[in-house]
Every structure is written in structure tokens, then in C-alpha cells.
Amino acid sequence: MSTATLERAKVTAWLQNYGVYLAVVVLLVFNVVFTENFLSAANFRTQLVQAAPVCIVALGMALVIGTEGIDLSVGSVMSISAALIPLYLGAGPLTAIVVAVIAGIVSGLFSGYLVAYLGIQPIIATLALLVGGRGLALVIAHGQLVQLHNRDFLALGTDDVLGVPIMVIVAGVLAVLAGLVVQRTTFGRHLVAIGGNRAASTLAGLPVKRVLISVYVISGALAAIAGVLATSRLAASDPSDVGLLMELSAITAVVVGGTPLTGGRVRVLGTVFGALLMQLVQATLIKHNLPDSTAQMVQAAIIVVAVYVARERSSK
Amino acid sequence: MTQAAERNAAFAGVLQRQGAAVVLVLGIAAAWFAFPHFGTADNLRNLVLQGSFLAVIALGMTFVIISGGIDLSVGSNYALGGVLAAYGAQYGLVVAILLPLAVCSLIGFVNGVLIARTGMAPFIVTLASLLFARGLLLALTSEGATTYKVDPGSAFLWLGQGTIFGIGVPVYLTLLLFALGGLLLRRTRFGQSVFAIGGAEQSALLMGLPVARTKIGLYTLSGALAGVAGILTAAYLQSGVTVIGVGTELDAISVVVIGGTLLTGGAGTIIGTLVGVLLRTLIQNVINQIGTLDSNYQTVVSGAFLLVVVVIQRLLARSRTR
């Protein structure tokens, strides 16, 4: 009897740690067997490119969630970044990108200040920016979609380096950086400690406020980068649509990847696979002619199952 | 000296609770003088009617937030309710009302069961049902391509388009629901449990309050009210519009917070939420009255306003504890 419960606990713990990888592998195998034209370089390219923006935003989200926070403003930050690009593209793609990323950093500073110094709950502080940010982007862009023609800028979304799309490389590099930050830096240790027990961290003399602000700044900057990439891929700046509901996709990727919403733990690789998993689920359903409605309901089920599994572990 | 400090603290407390009401009165007065069209019966009638749909959703959200939870599914649930009502209207008035109520309550009930019985975070459970309800809506409307129309002669339309003494029926229904909500929150055991759970869930549990049952009731109520808002909207628009309700959960949360209900749970009022809804509708209306402003300023102002309210609340709360 007790060995059975022990076994079960072991299985649950294993699922919690490796479930997302297992799910990705299962889906890949399923697709290789049952989906026509799945095993092609072009298809893998498409899947990875489509997952890239969500993955980048989710990395920032994972850090924020690690501090027991949440960043709802990411979608609006993407749209602000998209709205700024056509205004500065005349000065060269690099200037435009820098301006967009600076806007993301400023947004992050703003949310971070509210959370760290004024003590406003993350969900509300970033909700204000979610509501207002997209409006601001639309005001900047006069509510219009702008076609982009700068070849260098569009190359970001279409070109390859050594056969790998630039978008995927950017996402990969950022993921590695995020992993290093969490695993190998003092900042990463502080971040996890603050998420685990903020009061204790303050008493231990950790720079709580500085770390919190930095986390939101990183999330803002990553959202802005995702906005740049999405804009480049679309070959148009579309502030009314880019990044819509991105906060939900990113949170889903993070949670499915095994990072608990209660903070104190960040799983970077899990987050990357969480983003990949959600992308694969969608692609699988589409390729088997299941409509978007089913896709959404399946996603809902996946979220519930993932969190349910994670819960068993944390309650022990 | 201490008396003055006490008076200050008391004043801060009043301001924290009634600040939104003060701003609302000042805002209405300013708009009345600044815009000749604002004070007209037509505009005021419109203003309260526009506010009523969000108010019903926000009523349920108030209960959930007081309990320390959050319900992200209301926007999708609201849209689903509208579609079901318009679909049901072809089978008569009763179906048009009961079908959406049943389905939306059921979704709320499932939220409640998952939250109360498995201990999963409300944020995540209701995020999943946000997706689920939207998916169900799309499945019912051939991926959003079908819009069910309500027959122009249907009695169902009265619910949304009818008027009593010149004021829309939804407004009366909203006031009725708020009155019932106020009674439920203040005068019943259920309401007291909601406050207790939001204040300190562990203590509520130790005191033997029916925590799980109350939570299930809360989320069911929130789902049902989202369904009611959907019914009213379908009757008002004469059809089940599939694209409504995106982001409505966030609107509802922000008006509840503006109304003085704390997101940390344990404190809040129904009347504050009503004030919050009216303030939001007022802001929209004023921006329309100005006319030259880009309509996108609406969301900018709403966001900025939410922020100002929250920051002030926070600072007031600090000054009280000092």
C-alpha cells in the first residue's frame, strides 16, 4: 500500500520535472507517424519561427513569475514596440530596433517601480499598462497598419544564418542567456530567493527592490524584441493586432513548462519547451483539420492538467 | 497632536473608500458644464444603458475578488452567453434565458470545483476556462462565421431594447441585481463567509466555515452573472455577436478595483463597483463628447485612471497604517 503511494509520488514528481519534454516528444512521434509532410525541414522551420515570439516573451515572464509576480503588459509592450518601428525606420533598422527596445525597457521600469517601490500588486500594476499601452500604441500609429519595405529590417523575419532562421537564433540565444542568468549569476539566485520568501530576502539584506525592477525591465525588453520580430515577419507594423493575448500564451508556456505561479523557482528550458508544446499542439490540430475552436479547448485542458500535476508536487 | 493624526487617518480611510464616488460626482459636474450635450436626457440614458452590461459582470467579479480570488473567464463566458441566448431565442423566451444561464453557470461551477477541491490557483483555472469558453463559442458558431439573429418580433428583445419610463430595461435589471447582490454580501451567511475567506482563508477554515462550498458558489455566481450580461447584450444587439467580450474580464477587474475593493481580498463593497462602472462609462462618454480626440485615448485614459486610483489607494493605506 505505502509502496504504491510512494511509487505514485515518484511518478508525479517525475512528470512534474520532465512532463513537458515527454509531451513534446509524444507529440513529435505522433506527428511523424500520423501527419503527412511533417518530417520536412520547411515544416520544422515554420513551427520554430512561429513559436519564437511566444518563447521570447515567455522567458521574461518566467523570470517575473519566479519572483511571485506576473506581467500582463507584455502584449501591449509588443504593440508599442511595433508602433514605434515605422517612425524610426528612416534612420536605419538598428535605430528603430534600439528605440523599440528602449520603449520596452521604459515600460518595464514603470511596472517595476510600481511593484517594487509603491508595493502595488503586479497583476494590477501591469494591468494598467495592458489597458493603456495598446491605446498608446494606437495613438502613436494613428490606429493604422503601416507596410514596411526596408529590406534589412524585413530580413530579420525572413532570412537564415547557416540554414537557421534569424528569429529562431535570437530566441535560442536569449533562452541560453536567460538560463545562464538564472543558474549562474547572483542576480538569478536573488530572484529565486525573493520569489521563495520575500520577507526573508529583505531581512537577509538582498537588494529586493533592485532585483524586482530589473526583472520587469528584462520582461519589457524581451517583449519589445518579440514585437520587433513579429513586425518584421509580418512586414507591417500592426499595433492593433500584434501581441494580442500574448500575456496569456506566455503565462501558459511558463506554467506548462513547470514554473510554479507561487514563485521561487524558474525553469528556463521548461519554458522554451512549454512554448514549443503549445505551438505543436496548435499545429497538430490544424494539420488534422481540427478547427481553432477545438484547439482552444484542448489548450485549456492542457493548462489544467499541467497545473494539476504541478500542484501535487508542491503540496508535499 | 494624536487627535489630528487620528483625524487624518480617518480622513484617509474615508477617501480610500469613497474616493471614487467623489471623483464621479466631480466628473459628472464638470462634464455637465463643459459639454452642452452631456446633460441631455438622451445622453444620460445612453450612459447608464452602456454601463449596465459591464456592471452585471463586475458584480460577480466583486464577490470573487473580495474572496481573494480572480475570474478571468467572464469575458469569454459573457460572449458565450450572448451567442447561446441568440441561438436559444429561436426556441422561445424561456430557452433564450435558461440555456445561457445554465451553460455559463456550469462553467463557473467547474471553475469553482477545480479551485476549491484541488487548490489550483484561480488565475490559472479561470485562464483555462477563458480559452475553453471562447473555444466552445467558436465551435457553436462555425468558427465565428455564423451570427445567430433574434427574430425582430421576439418578446426576448424587450429585455435589451425595452424601456420603462424612458430608461432601458437592462438598467433596471442591473439595479435589481446589485440590490440583491448587496443583500447577499452583507446580510447572509454566504456573504460573511466570502469576507472571511478573503480576509484569512486558513482562519475561515479553522473556524469551520464552508470554505469549499462558498468558493464553488462564488464562481458559479460569477459565471451566471456573465451569462446574464450576455443575455442582455444579445437582446440589445438582436444577435449573438461572436467578437464581444475580449478583454472584458480586465475591464471588470479594473472597475472593481477603482470602486475600492482590494485585490488582496477581505474588503470591498457592491456600491463601490457600481461607482467604478459609472466612472468608466463617464470617461468613455466624455472622450466621445470631446469628439476631436482619437477614440484610442479611451483606453489610455482608462489605464492611466486605474493606475492613479491604485497608487492613491496604496498611499492612503500606507498613511493609515503609520
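Tutor: H6(A) and H10(A) sit roughly perpendicular to each other, because their axes cross at roughly 100°. For such labels, angles under 35 degrees count as roughly parallel, over 145 as roughly antiparallel, 65 to 115 as roughly perpendicular, and the rest as oblique. The axes of helix H6 (residues 151-158) of chain A and H10(A) come within 7 Å; axes are lines fitted to C-alpha atoms, for helices over the stretch in contact, with angles from 0 to 180 degrees between N-to-C directions. Phe153(A), Leu154(A), Leu156(A) and Gly157(A) of H6(A) make the contact with Leu229(A), Ser232(A) and Arg233(A) of H10(A). Here contact means that the C-beta atoms, placed from the backbone, lie within 7 Å. That set has four nonpolar, two polar and one charged residues, where Ala, Val, Leu, Ile, Met, Phe, Trp, Tyr, Cys and Pro are nonpolar, Asp, Glu, Lys and Arg charged, and the others, Gly among them, polar.

Some housekeeping: this is a predicted model, so local features need pLDDT of at least 70 and side-chain atom pairs count only at pLDDT 80 or more, while totals for chains, interfaces and linings use all residues. Residues are numbered from 1 along each chain as its sequence is written, and chains are lettered from A and ligands numbered from 1 in the order in which they are written. Helices (H or I, at least four residues) and strands (E, at least two) are DSSP runs, numbered from the N terminus.

H10(A) turns up again around helix H8 (residues 186-196) of chain A: the cover over the buried residues of H8(A) includes H2, H7, H9 and H10 of chain A. Among those buried residues are His190(A), Leu191(A), Val192(A) and Ile194(A). Buried means 20 or more other C-beta atoms within 10 Å of a residue's own, exposed means 12 or fewer, and partly exposed is in between, with C-beta atoms placed from the backbone.

Helix H2 (residues 41-66) and helix H7 (residues 169-187) of chain B have axes that come within 9 Å and cross at roughly 20°, which means they are roughly parallel. Their crossing is left-handed, meaning the near helix is turned anticlockwise from the far one by less than a right angle (clockwise would be right-handed). Residues that meet here include Phe53(B) and Leu59(B) in H2(B) and Leu177(B) and Phe178(B) in H7(B). By class, that contact has 12 nonpolar, three polar and no charged residues.

Now for where the chains touch. Chain B brings 38 residues to the contact and chain A 37 residues. On chain B's side, H4, H5, H11 and H13 each supply at least two residues, and H5(B) gives the most, with 13 residues. The chain B side divides into 24 nonpolar, 10 polar and four charged residues.

Apart from neighbours within four places in sequence, Leu114(B) is in contact with Val304(A), Met120(B) and Val125(B). Leu114(B) counts as buried because it has 22 C-beta neighbours inside 10 Å. Its C-alpha atom is separated by 8.7 Å from that of Ile216(B), 102 residues apart along the chain.

Zooming out, chain B has 13 helices and two strands, and 50% of its 322 residues count as buried.

Methods
Contact = placed C-beta atoms within 7 Å.
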